[in-house]
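Reader: Hello! I would like to learn how to read a protein model feature by feature. Could you walk me through one?

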Amino acid sequence: MSSPDIVSILENSKEFDRVRKEQEDILSEINKLHKKLQATPEVVEKPGDNSLARLKFLYTQAKDLSESEASISNLLINQIDALLPTGPQGQTRRRIGKGNEQKRKRVKTESDISRLTPNMRSQLEACASLKGEQVAARVTPRNADKDEWFVVKVIHFDKESKEFEVLDEEPGDDEESSGQRQYKLPMANIIPFPKSNDPSSAPDFPPGKHVLAVYPGTTALYKATVVQGPRRVIILSFSLVE
């Protein structure tokens, strides 16, 4: 084991810490912008507003930093592996690793989650708690010509991929939709319903508020604007889904 090798590892570790700190700063900005858009979603319709462009820029930065983190992590792993003793010990370590691949994956996932900010961990836990619940889901991609929203049931939430598995329990009317359909959807495509046993969790919808409303007798949702309260249909906040 040579001093230059250790120095290189420490330098890369510092760079890793810098990238993680920058990620946290970007996530903090994203969360602030999320709160702004949740409070006043109509701001994106004002001339000159750049909220969505800014949000896209921040997400692009977060993606680039995430890729940098993965690259530095792989480099550090390779550097440390090069310094580990070879021979029987190394062979035994590799054999044990192969026999516990699933356990390693689980530990890696738990480790990845533990490194997230408290706010992100809280969001993941909230998503996981939706299993078995009905939610509003956009089942079409963001670049689709037409948005399709349905009331679906959450089957599973994968904390690693941050994807929901949901079930559309009501068969469609067309021939291609003759049975129940399952979808894998990102977190951004899901909006939870207010708790039915907690009226205080239902947000207030003043006139002019953009919402999602349920077509009577169906599980299909459509975009609507509140004209006058009180609400007489099930509606959801329409923040961040336009």
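Predicted model: local features only at pLDDT ≥ 70, side-chain atom pairs only at ≥ 80, totals over all residues.

Reader: Let's begin with charges. How many salt bridges does the structure hold?

Author: The general idea is that side chains of opposite charge can pair when their charged atoms come close. Here, the structure holds ten salt bridges. One of them links the side chains of R18 and E22, with 2.7 Å from N to O.

Reader: Where do R18 and E22 sit relative to each other?

Author: Both belong to helix α1, which covers residues 3-39. Because R18 and E22 are four residues apart there, about one helical turn separates them.

Reader: What about D25 and K21: how far apart are they in helix α1?

Author: D25 and K21 are four residues apart, about one turn of the helix. Their side chains meet in a salt bridge with an N to O distance of 3.1 Å. D25 is partly exposed, with a relative accessible area of 38%, and K21 is partly exposed at 46%.

Reader: Which parts of the chain does the pair K223 and D147 tie together?

Author: First the contact: the side chains of K223 and D147 form a salt bridge at 3.4 Å, N to O. K223 lies in strand β7 (residues 220-225), while D147 lies in the loop between β1 (134-138) and β2 (149-158), so this pair ties together parts that are 76 residues apart in sequence. K223 is partly exposed, with 46% relative accessible area, and D147 is partly exposed with 23%. One more thing about salt bridges: those that share partners join E15, R18 and E22 into one network.

Reader: Which residue stands opposite W149 in β7?

Author: That is L221. Two bridges join β2 to β7, and these strands run antiparallel. Strand β2 is also joined to strand β3 (residues 163-168) by five bridges, again in an antiparallel arrangement. There, F157 stands opposite F164 in β3.

Reader: How many residues lie between β2 and β3 in their hairpin?

Author: Four residues lie between them. One to inspect is K162, found in the loop between β2 and β3.

Reader: Finally, how many Å should helix α2 span?

Author: Helix α2 (residues 51-83) has 33 residues, so at 1.5 Å a residue it should span 48 Å. The end C-alpha atoms of α2 are 48 Å apart, which agrees.

Reader: And which residues of α2 are buried?

Author: Among them are L55, L58, A62, L65, I72 and L76. The buried positions also include S51, E69 and Q79. You can trace them along the helix in your viewer.

Methods. Residues numbered from 1 in each chain as written. Heavy atoms only, no water. Salt bridge = Lys/Arg side-chain N within 4 Å of Asp/Glu carboxyl O. Buried < 20%, exposed > 50% of the residue type's maximum accessible area, 1.4 Å probe, protein only. Pairing = 2+ DSSP bridges. Expected span 1.5 Å × (residues − 1).
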